Amino acid sequence: MLKTRPQSATKQDGPAKGGLSCYITPGGIAAMRDELNALLRDERPKIVEIVSWAAGNGDRSENGDYQYGKRRLREIDRRIRFLTKRIDNAVIVDPAAQPQRDRVFFGATVTYVTERDAERTVTILGVDEADMAAGQVSLISPVARALMRAGVGDEVRLVTPRGEEMIEVLAISYPSAS
């Protein structure tokens, strides 16, 4: 049986709408919109032109330009559908507007220390923005879930596939409101 959203659900419903995976920062939604616009305005029209030219060259079954172009168009269209759906379902949260800055919430940059005295700094962002190499973790990652609502000096249990570990929050910061 299909589950449907109640008719009263609107853009402002927040987490009930799509869960925590829909949260995104203003910068993250702008990057997604830029990618979508680039695909729609630049890349897709170029590939359509190549496919049209290749289709006019005769036998399509042996035409590499045509076959590659059609495959690339399917990839672009799939990405466009994905981005459109993610943008439509996005819940934009500005971390700079966070009133409770002494606790860890979405958009916080947190410095913590592990049991092995390894100090790490992570920024908690949306699923579509996370980049572990840049120290940005997803809101639904184990470390983000462990740190949520913690304050400076709190020790929290981090559960990972390697086992449990206690981590201590050293610092919490948010972007400044501009």
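Which residue forms a salt bridge with Asp128, and how far apart are the closest N and O atoms? The partner is Arg86, and the closest N and O atoms are 2.8 Å apart. The model is predicted. The points below cover the sheet, the nonpolar core, the salt bridges and a surface patch.

**Sheet**

- An open sheet is built from five strands, ordered β5-β4-β3-β7-β6, with mixed pairing.
- β5 and β6 (155-160) are the edge strands, each of which pairs on one side only.
- From one strand to the next, the twist averages 45°.
- Strands β3 (residues 109-113) and β4 (residues 119-125) run antiparallel and are joined by five bridges.
- Within this pairing, Val110 has Val122 in β4 as its bridge partner, and Tyr112 has Arg120 in β4.
- β3 and β4 form a hairpin with five residues between them. Asp117, in the turn, has a positive phi of about 60°.
- β4 and β5 run parallel and are joined by three bridges. The bridge partner of Leu125 in β5 is Ser138.

**Nonpolar core**

- The largest nonpolar core contains 24 residues.
- The residues with the most contacts inside this core are Val104, Val110, Ile124, Val143, Leu147 and Ile167.
- Two or more residues of this core come from each of β3, β4, α4, β6 and β7 (163-173).
- Helix α4 gives the largest share, four residues.
- In soluble globular proteins, nonpolar side chains tend to be buried together.

**Salt bridges**

- Eight salt bridges are found in a search of the whole structure.
- One of them joins the side chains of Asp77 and Arg44, at 2.6 Å from N to O. Asp77 lies in helix α3 (residues 64-89) and Arg44 in helix α2 (residues 26-55), so the pair ties together parts that are 33 residues apart in sequence.
- Both residues of that pair are partly exposed: the relative accessible area is 22% for Asp77 and 27% for Arg44.
- Glu75 and Arg72 meet through their side chains in a salt bridge of 3.1 Å, N to O. Both lie in helix α3, three residues apart, which is about one turn of the helix.
- Glu75 counts as partly exposed, at 35% relative accessibility.
- Glu75 and Arg72 also belong to a network of salt bridges that links them with Glu43.
- The salt bridge between Asp128 and Arg86 links distant parts of the chain, 42 residues apart. Asp128 is in the loop between β4 and β5, and Arg86 is in helix α3.
- Asp128 is partly exposed, with a relative accessible area of 34%.

**Surface patch**

- Leu20, Val127 and Ile140 make a nonpolar surface patch of about 210 Å².
- Ile140 lies in the loop between β5 (136-138) and α4 (142-147).

Notes:
Residues are numbered from 1 along each chain as its sequence is written. This is a predicted model: local features need pLDDT of at least 70, side-chain atom pairs count only at pLDDT 80 or more; totals for chains, interfaces and linings use all residues. Side-chain values use heavy atoms; hydrogens and water are left out. Patches are made of residues with over 30% relative accessible area and no salt bridge: like charges are joined within 9 Å, nonpolar side chains (Val, Leu, Ile, Met, Phe, Trp, Tyr) within 5 Å. Accessible areas come from the Shrake-Rupley method with a 1.4 Å probe; for residues, only the protein chains shown count as cover. A salt bridge is a side-chain nitrogen of Lys or Arg within 4 Å of a carboxyl oxygen of Asp or Glu. Two strands pair if DSSP finds at least two bridges between them. Axes are lines fitted to C-alpha atoms, for helices over the stretch in contact, and angles run from 0 to 180 degrees between N-to-C directions. Buried means under 20% relative accessible area, exposed over 50%, partly exposed in between (1.4 Å probe, protein chains only). A nonpolar core is a set of buried Ala, Val, Leu, Ile, Met, Phe, Trp, Tyr and Cys residues joined through side-chain atoms within 4.5 Å.
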